[in-house]
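Here are a few exercises to work through with the model open beside you. Try each task before you read its solution.

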Amino acid sequence: MQNTDYRPITLTPLSPIHIGCDEDYVPTNFVIQDNLLHYLDMTMLADLLEDDERRKLGENQTIGAIQYFFKSRRDRFAPLAHHIVGIASDIAQEYETKAGRPVQSHTDGNHTYNLFPISRTSYRSLDLSPYLPGSSLKGSIRTAWLEAINQGRPLLDAKENNQALQQRLLGYSAGQFENDPLRHLHVADAHHEEDPAPTHILYAVSKKKRPSEHGTPELKVFLETIPGLLSDAFSGEIRIRPDNKDGASNLTWQHLCDVCNAFYWPQLEAELDHTHLAKMLDPAWRQVIQDLLREELAELRAKQQGFLLRVGKHSGAESVTLDVVRDIKILGKKGAPPSYRKETTEKRFASERKDAANNLLPFGWLWVESCQDAYQYLSIAMRDRLRPHTLVLREAQQNRLEQIEQARKQRDAARQAAEQKRLQAEQTARLEAAAAQAKAAELAKLSENMRQIVQLRDAIDKRLVIGQKIPVSDHFFGGHIMALVQQALASQDWSSEERNALAAMLEERASKLINLDAKDFRKKLKLAALRGQA
């Protein structure tokens, strides 16, 4: 579109980011081993299960039994994973001690199991890699833009809700969204260009903003996150379309940089310097971010080459609401009415440990950049500062990708082997069917007596496969072999050719089966009589 500003952007997560997609890692479809979550494709796995395993899995009705089924076979299943995610060691330990075991037993005999609900971050169904939805990015930009327009002014009245506030600030009426000036801002989903960005499963823990003598239960949930300090993890695009209406001319890349930095920069600095919570932050991470804000990012900000955003879950109410009009609902004790304040009393952090008072990381910080050639040296300097952290994350991700590729090859080989086995079974079945058909046609041409000889021959051959001789006391000898001999000798319906055929078959086949010497064999089976020599 003519005069549209097409702006390619790179996005660097500075701290763990979780943008929910309303999906969990299904607890019966993964195993955890070596601090890695191995996610299984059940369609593929079904082809690799043995018949006995399919039967056992079908018999398991409780979530605990299914968890135990997979956990007890993780040595075999883990190498078959089609998606692998790093996981905090404390969460892995919880899985080790609790998965497949009841955490509570009830008087009615039922049990409660730990479901290990792990919320997934937004991902592409094509390759399961994480991405940053453009809607989330634009939502954060919108908050900063509204704050810049409002300039700290209070609500017109207590009844003005969020929608009415946005309409007033942006100058459009209800039902006339086409007049919203931010409709000219388009933010594309941000994806990786080469290898997928890694993800890591952490605890989300809650901490009081002020020291308190009254301990309260802390939030502890599992979240999949995109790790921080991962330079140039995603690429995207911002498009700004021109608008001839008054008031829209200031919608430029440069103004976006100024507006977003004006809103989010002080918030990040306040987190790093918080009198109570700052000491709980990971000191190495805190130092890196402080150095960036003081040096490379500060210069990039001054040159309008990029801006800070805060996106995703647990960004904090302060980052998603306007400063002066903020009125956050704070739930009190059970039964007590809620209160409303300008800031929250608690803050959520990402943690490797379940019970942690240090080495915490805030959620959601992101650097968005579109750097001109003249300032690439600053962008390169930022990447150099992040390189030690990025390399660790990338190397671990590369190992996981190689394992996934190996698993894919293993699955392909297993499928090919299964297909070959199926084709061989089909070929064997066809040959057996053809042989049975030919045999049936052969038998149809024979007399009834000759059919009985052939059927006895086949029965003897089946026993010869076992390789063990039978005594004359065996029922097969008396009930089958001698019964046919006596019938042939006593019946007038047997011709001399048929009796000779029976004698020849018995001497060739039955002599190998009956535990008699040659002389006794011929005498016992009356071979001379069958041949008309008696």
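**Exercise 1.** Find how far apart Arg 408 and Glu 405 sit along helix α12, then find what joins their side chains.

*Solution.* Start with the helix: Arg 408 and Glu 405 are three residues apart in α12 (residues 376–445), so about one helical turn separates them. (Helices are DSSP runs of H or I with at least four residues, strands are runs of E with at least two, and both are numbered from the N terminus.) Next, look at the side chains: they meet in a salt bridge, 2.4 Å from N to O. That term stands for a side-chain nitrogen of Lys or Arg within 4 Å of a carboxyl oxygen of Asp or Glu. Last, check accessibility: Arg 408 is partly exposed at 33%, and Glu 405 is partly exposed at 31%. Here buried means under 20% relative accessible area, exposed means over 50%, and partly exposed lies in between (1.4 Å probe, protein chains only).

Before you go on, note that this is a predicted model, where local features need pLDDT of at least 70 and side-chain atom pairs count only at pLDDT 80 or more, while totals for chains, interfaces and linings use all residues. Residues are numbered from 1 along each chain as its sequence is written, and side-chain values use heavy atoms, leaving out hydrogens and water.

**Exercise 2.** Look at Asp 291 and Arg 294 in helix α9 and work out their spacing. Is Asp 291 buried or exposed?

*Solution.* Both residues lie in α9, three residues apart, or about one turn of the helix. As for accessibility, Asp 291 is buried at 13%, whereas Arg 294 is exposed at 52%. Now widen the view: salt bridges with shared partners link Asp 291, Arg 294, Glu 295, Glu 296 and Arg 385 into one network. The whole structure holds 33 salt bridges.
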